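I am opening my notebook on a protein chain and will write down what I look up, one topic at a time. The chain is shown first, and my entries follow.

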Amino acid sequence: MATQNPGFSIVIATFNCAATLKSSIESVLTQVYPHKELVVIDGGSTDGTVDIIRSFDSEISFWLSEPDRGVYQAWNKGVDASQGEWLHFLGADDRLVSPDVLGRVAARLRNCPEEIRLAYGNVLLISHTGQVIATLNEPWGKARRQLRRRLSIQTPGIFFRRSMFRVHGRFDESFRIAADYEFLLRELAVGYPLFLDNIEISYWRLGGLSSDPANGPLLRYEDARARRMNGLFPYPPVWCWELLKSHVMRILHRSMGAHRAVEIRNLYRRITRNPLRSDVDS
């Protein structure tokens, strides 16, 4: 069984995120739950990011700044540098919802059976202006049915138990966007997660690699590769529709500009009432 006071390692991977990193770091350091550590892995930033990290030097358990091959190598470095029983990967432009998040999660994870190696709560998707667009993540009974065709549990809401990395290894660094999906498929083919209902974990801001319209088609192809690697049919019927949407969104973004393209995407969300990954990222 888990300890009465589970320890958390919050890993922030960053590269040239000086505009938002301070808010992300502060959302971790202001957590009232004491059994936590913050690990920051920077990819060799040149925009003042390192100066921000140094300003918190005494409060960060471990940090480094050196060139890397992308976010998944940074996450793997964070796994190796951290000590907590549960790991959470927080985006450099995201933040934990409130100072009591880790305390609320800890209360649910006390005495959590060892066979449960993944827990997740809700994610608040926000716009560039900070407006909440949607609440993401569903109970496992619903999310499980979608996992064979897409990432149905959004990573900003997930806590990974350290034993999961001992069993499955590390994130596959050959992926640019979908290594988290592939890693989850390894675990959830044999295990099941704990849904932390009624706990909002983080604010997830649009604008990362997976939400960049230029990367939409790549995301679809990497999703298919992740399924194939884990013995699933790589091209479910909805995959073709999602690939088409991603190409359309990329064309709109290039021809009409980011603002107009986002307006059209948001209108589509309202019509379909489906703001999950297939619409967020396409």
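In which helix do Arg54 and Asp51 lie, and how many residues apart are they? I found that both lie in helix α2, 3 residues apart, about one turn of the helix. For the elements I used DSSP runs, in which a helix is H or I over at least four residues and a strand is E over at least two, numbered from the N terminus.

**Entry: what I am looking at.** I note that this is a predicted model, in which local features need pLDDT of at least 70 and side-chain atom pairs count only at pLDDT 80 or more, while totals for chains, interfaces and linings use all residues. Residues are numbered from 1 along each chain as its sequence is written, and side-chain values use heavy atoms, with hydrogens and water left out.

**Entry: the chain as a whole.** I listed 11 helices and 9 strands in the chain. Of its 282 residues, 53% count as buried, where buried means under 20% relative accessible area, exposed means over 50%, and partly exposed lies in between (1.4 Å probe, protein chains only). The accessible surface comes to about 12400 Å², and 54% of this belongs to carbon and sulfur atoms; such areas come from the Shrake-Rupley method with a 1.4 Å probe, and for residues only the protein chains shown count as cover. I also looked at contacts, meaning heavy atoms within 4.5 Å, and among those between residues at least 6 apart in sequence, 75% join residues at least 24 apart.

**Entry: helix α1.** Which residues of helix α1 are buried? In this helix, residues 21-29, I wrote down Leu21, Ser24, Ile25, Ser27 and Val28 as buried. Seen down the axis of α1, these residues fall within an arc of 160°, so they line one face of the helix; the arc is that of the directions from the helix axis to the C-beta atoms. Their cover includes strands β1 (8-14) and β2 (36-42), helix α2 (49-55), and strands β4 (86-91) and β5 (95-96).

**Entry: salt bridges.** I looked up 11 salt bridges in the structure, each being a side-chain nitrogen of Lys or Arg within 4 Å of a carboxyl oxygen of Asp or Glu. Arg54 and Asp51, the pair I began with, form one of them, with their closest N and O atoms 3.8 Å apart, and both residues are exposed.

I then turned to Glu173 and Arg69, whose side chains meet in a salt bridge at 2.4 Å, N to O. Glu173 lies in the loop between α6 (162-168) and α7 (179-188) and Arg69 in the loop between β3 (62-65) and α3 (71-81), so the pair ties together parts that are 104 residues apart in sequence. Glu173 is partly exposed at 28% relative accessibility, whereas Arg69 is exposed at 64%.

Are Glu242 and Arg149 buried or exposed? Both are buried, and their side chains meet in a salt bridge at 2.9 Å, N to O. Glu242 lies in helix α9 and Arg149 in the loop between α5 (140-146) and β8 (158-161), so this pair ties together parts 93 residues apart in sequence. Salt bridges with shared partners join Arg149, Arg220 and Glu242 into one network.

Entry: Asp223 belongs to helix α8 (residues 216-229) and is buried, with a relative accessible area of 2%. Between Asp223 and Trp239 I read 16 residues in sequence and 9.2 Å in space, C-alpha to C-alpha. Val248 sits in helix α9 (residues 237-256) and counts as partly exposed at 38% relative accessibility. Together with Trp241 and Leu244, Val248 makes a nonpolar surface patch of about 280 Å²; patches are made of residues with over 30% relative accessible area and no salt bridge, like charges being joined within 9 Å and nonpolar side chains (Val, Leu, Ile, Met, Phe, Trp, Tyr) within 5 Å.

**Entry: strands β6 and β7.** I found strand β6 (residues 118-126) and strand β7 (residues 132-136) running antiparallel and joined by 4 bridges, where two strands pair if DSSP finds at least two bridges between them. Leu124 has Thr135 in β7 as its bridge partner. The hairpin has 5 residues between the strands, and in it Gly130 takes a positive phi near 95°.
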